[in-house]
Amino acid sequence: MSHSSKAPYVPQAWENTSCPFCRSEENKLYEKFGSELQYTYVRCKNCGLIYQNPRPVYNQHFIDAAYADYYQYAENLTLEDLTRVRESSLDMFREEVRYISRFDKKKTAVLDVGSGMGTFLYAAKDIYPKAVGLDVSQKMAAFIEKNMGLKVYVEQLEKFNYPGKFSLIHLSHVIEHVPNPNEWLQKVKQLMDADSILVINVPNKHSLGGRVKYLLYRIGLKRQVSSGMNDASKTPDHLYEPTVRSLRMVLDKHGLEIIELFTYSRKDPTSTRSAFSRILNRTFHGGTNISAICKMKNGV
């Protein structure tokens, strides 16, 4: 029984979908999850992506339910929060920016898609003369513009028009929230030139911890694999859960060459702090998140 004070989330409607990455119709059941096991993850037999099918219809009702806490959080932000947020601090983002900017030859302009509270942009503005954000929250955008003096556009990526190109585009833990990843990747390429770098960070469903949880689920010692979904008010905002294999396939499909791919934890965003971290995350890809640093193949 849920003890949440929030009203239970109930989708207005459901829709069946093919694999969001490769469009294959072939899949197999991965798990049932949710407070009443009302949601379903399937695994694509072609690329290995784990995705909701059926899933709640992606409409304004779903968006409001999924991101209500996010919108509310924006009302009470201060710049001090950039250093206080556990495992998502300014120091962590500065470490990431220093690392990924080494791959960017020009370092002229950076776009952070899903800029949130602006921590990545704040870290990047010391290296990039132009740092631009894109987000769905007007309040988050206002906070960044007022406190950091950086421009944040409030609109969906597929509708975003910008007069120039970005030498670095950063999509961190955002693409798994959108129903149309192929459209997003095509749009991203329009904002890149031959030397631009794209960084995509996503959760790793096949992390070491995830594989252990799935084993316990399969032998009946765990009710569900997906965490945080035993509350009836929770909205399953991850429409799919990437794996290393599925991410490689979708990037290749869109003509994006992977320069470097590794898994990581929030405590070690570049997986370079220790020999153990390098082995776990760079050799065996066992970390909780995946980072893919890409460029366009042949500059096209």
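Here is a short tour of this predicted model, stop by stop.

Two housekeeping notes before you click. Numbering starts from 1 along each chain as its sequence is written, and side-chain values use heavy atoms, with hydrogens and water left out. Since this is a prediction, local features need pLDDT of at least 70 and side-chain atom pairs count only at pLDDT 80 or more, while totals for chains, interfaces and linings use all residues.

**The whole chain**

Start zoomed out, in cartoon view. The protein has ten helices and 13 strands (DSSP runs numbered from the N terminus: helices are H or I with at least four residues, strands are E with at least two). The radius of gyration is 19 Å, close to the 19 Å that the globule rule gives for 300 residues, so the protein is as compact as a globular protein of that length. That radius is taken over C-alpha atoms, and the rule is 2.2 Å times the number of residues to the power 0.38. Of the 300 residues, 53% count as buried (under 20% relative accessible area; exposed is over 50%, partly exposed in between, with a 1.4 Å probe and protein chains only).

**Aromatic pairs**

Next, select Tyr9 and Phe62. What angle do the planes of these two rings make? They sit at 70 degrees with centres 6.4 Å apart, so the pair is edge-to-face. (Rings of Phe, Tyr and Trp, the last by its six-membered ring, pair if their centres lie within 6.5 Å; planes under 30 degrees apart are stacked, over 60 edge-to-face, the rest tilted.) Tyr9 is in the segment before β1 (14-15) and Phe62 in helix α1 (residues 60-66), so the pair ties together parts that are 53 residues apart in sequence. Tyr9 is buried at 8% relative accessible area, and Phe62 is buried too, at 0%.

Hop to Tyr99 and Phe103: with centres 5.9 Å apart and planes at 65 degrees, this pair is edge-to-face. Both residues are buried. Then pick Trp14, Phe33, Tyr39 and Tyr41, which form one aromatic cluster.

**Lys106 and its partners**

Asp193 meets Lys106 in a salt bridge at 3.0 Å, N to O (a side-chain nitrogen of Lys or Arg within 4 Å of a carboxyl oxygen of Asp or Glu). Asp193 lies in the loop between α7 (181-190) and β10 (197-203) and Lys106 in the loop between α4 (90-100) and β6 (109-113), so this contact ties together parts that are 87 residues apart in sequence. Asp195 also bridges to Lys106, with the closest N and O atoms 3.9 Å apart. Lys106 is partly exposed at 41%, as is Asp195 at 32%.

**Arg282, with two contacts**

Select Arg282, Glu260 and Phe262. Glu260 and Arg282 form a salt bridge, their closest N and O atoms 3.1 Å apart. Glu260 is in strand β12 (residues 256-264) and Arg282 in helix α10 (residues 275-283), so the bridge links parts that are 22 residues apart in sequence. The charged end of Arg282 sits over the ring of Phe262, 4.2 Å from its centre (CZ of Arg or NZ of Lys within 6 Å of the ring centre and within 35 degrees of the ring normal).

**Last stop: the surface**

(Patch residues have over 30% relative accessible area and no salt bridge; nonpolar side chains are joined within 5 Å, like charges within 9 Å.) Leu221 lies in the loop between α8 (208-218) and β11 (240-241) and is exposed, at 65% relative accessible area.
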